[in-house]
Amino acid sequence: MKLKKRSSLIRNIIHKSRSKSQTVLADQCLTMSLYLFLKVQQSTGKKMGCFGFLKTMMVVFNGIIFLAGAAILGVGIWVKVDSGSILRFLGKIEGAPEELSQVLNVGYLLIAIGALLLVIGFLGCCGAVRESKCMLLLFFIIVLVVFIAEIAGAVVILVFRPLADELFTKFGTAAVQNIKKDYGKNPDITGLWNTTMSTLKCCGFYNSSDFLDSPYYMDHNKHYPPQCCPGTDKPCNQTLADSATTLTGCFPKIKQLIDENAVVIVGVALGIAALEICAMAVSMILFCRIKSGRD
């Protein structure tokens, strides 16, 4: 409204002091100036609206990452503290391959991943809210490093898959020997195997034959653990164990779960990769926008 009043006042002054042709020319110049001013204001508003939307998405996205990091960190701490964890059970198996020691550190791995996600979420949120170029650049670098590490890990898994199969074969041999030697004799090993079989609804590492000649098998009149004969209160003998055709070993059970959810696992991995690419792109857009705004 003020702008219109000023333009009217200018027109009146021009009408009084100039000729008709000069008045028309002045009117055209004034109209063009007003048009350009409004276009600039409209363009600036659109840019600020897009910038604000990207900031909001950055805060929401990294807030979710921060919460996920806190959850993973809690799970990692729980795995290390829980004395009845399956991972601790695996560590007590005599004759297990040395390469398995890396798998046993999954608790530390979860703690490291959780802490990393906490840092990423914090940098993303604070960098977007405070419009800090330093935080946004650091966020971009960390996500890029994680993205490259994930690609490298996927390539290593595909290339060295035969080595992983050989590792599982060695571990299976050690696990069966451990059952035959300590199940029914060592309370810790017996309790952990019972917990594993009850949780996964499985029997032995491969099947019920893993318990042949074990201390439990010999001390219980050649009977198997109750977990190998679900749905019955009778002693689990060879006949009942063989009749439980739907019950498999714990290793085949885990492998079956992974195979059945392979599509879901791949989909989640691709989704995470896409989110990481979007996060890097948004952080760079905000970084450049903040820089140009200050210039």
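A salt bridge is a side-chain nitrogen of Lys or Arg within 4 Å of a carboxyl oxygen of Asp or Glu. A search of this whole structure finds 1 salt bridge. The model is predicted. The protein chain has 295 residues, with 12 helices and 0 strands. Its average pLDDT is 74.

**Confidence**

- In the protein chain, 72% of the residues score a pLDDT of at least 70.
- Confidence is highest in helix α9, at a mean of 87.
- Confidence is lowest in helix α4 (residues 100-103), where the mean is 50.
- Over residues 32-47, pLDDT stays under 50.
- For residues 32-47, the model has 4 contacts beyond four places in sequence.
- Where pLDDT is low, the predicted coordinates should not be read in detail.

**Overall build**

- From the N terminus on, the elements run α-α-α-α-α-α-α-α-α-α-α-α.
- Of the 295 residues, 29% count as buried.
- The accessible surface of the protein chain comes to about 18900 Å². Carbon and sulfur atoms hold 68% of that surface.
- Take the contacts in the chain with a separation of 6 or more: 71% of them join residues 24 or more positions apart.

**The salt bridge**

- Lys55 pairs with Glu131 in a salt bridge, and the closest N and O atoms are 3.2 Å apart.
- Lys55 sits in helix α2 (residues 20-81), while Glu131 sits in the loop between α5 (106-129) and α6, so the pair ties together parts 76 residues apart in sequence.
- Side chains of opposite charge can pair when their charged atoms come close.

**Nonpolar cores**

- The largest nonpolar core has 22 residues. Tyr183, Trp193, Met197, Phe211 and Tyr224 touch the most other members.
- Helices α7 (161-182), α8 (187-200) and α9 (215-219) each supply at least two residues of this core.
- Beyond four places in sequence, Phe211 touches Ile179, Tyr183, Met197, Cys203, Gly204, Tyr217, Tyr224, Pro225 and Cys228.

**Ser214**

- Ser214 lies in the loop between α8 and α9.
- Ser214 counts as buried because its relative accessibility is 0%, and buried means under 20%.
- Leaving aside neighbours within four places in sequence, Ser214 is in contact with Ile179, Lys180 and Tyr183.
- Ile179 and Tyr183 are also among the residues that Phe211 touches.

**Nonpolar surface patch**

- Ile151, Val155, Val156, Leu158, Val159, Phe160 and Leu163 form a nonpolar patch on the surface.
- Together these residues have about 690 Å² of accessible area.
- Helix α6 (residues 133-159) gives the largest share of the patch, with 5 residues.
- Val155 lies in helix α6. Val155 counts as partly exposed because its relative accessibility is 46%.

**Pro230**

- Pro230 lies in the loop between α9 and α10 (238-243).
- Pro230 counts as exposed because its relative accessibility is 52%, and exposed means over 50%.
- Pro230 and Leu240 are 10 residues apart in sequence. Their C-alpha atoms are 9.3 Å apart in space.

Conventions:
Residues numbered from 1 in each chain as written. Predicted model: local features only at pLDDT ≥ 70, side-chain atom pairs only at ≥ 80, totals over all residues. Heavy atoms only, no water. Core = buried A, V, L, I, M, F, W, Y, C linked by side-chain atoms within 4.5 Å. Buried < 20%, exposed > 50% of the residue type's maximum accessible area, 1.4 Å probe, protein only. Helix = DSSP H or I, 4+ residues; strand = E, 2+ residues; numbered from the N terminus. Contact = heavy atoms within 4.5 Å. pLDDT = per-residue confidence, 0-100. Patch = residues over 30% accessible without salt bridge, like charges linked within 9 Å, V, L, I, M, F, W, Y side chains within 5 Å. Areas by Shrake-Rupley, 256 points an atom, 1.4 Å probe, with all protein chains shown as cover.
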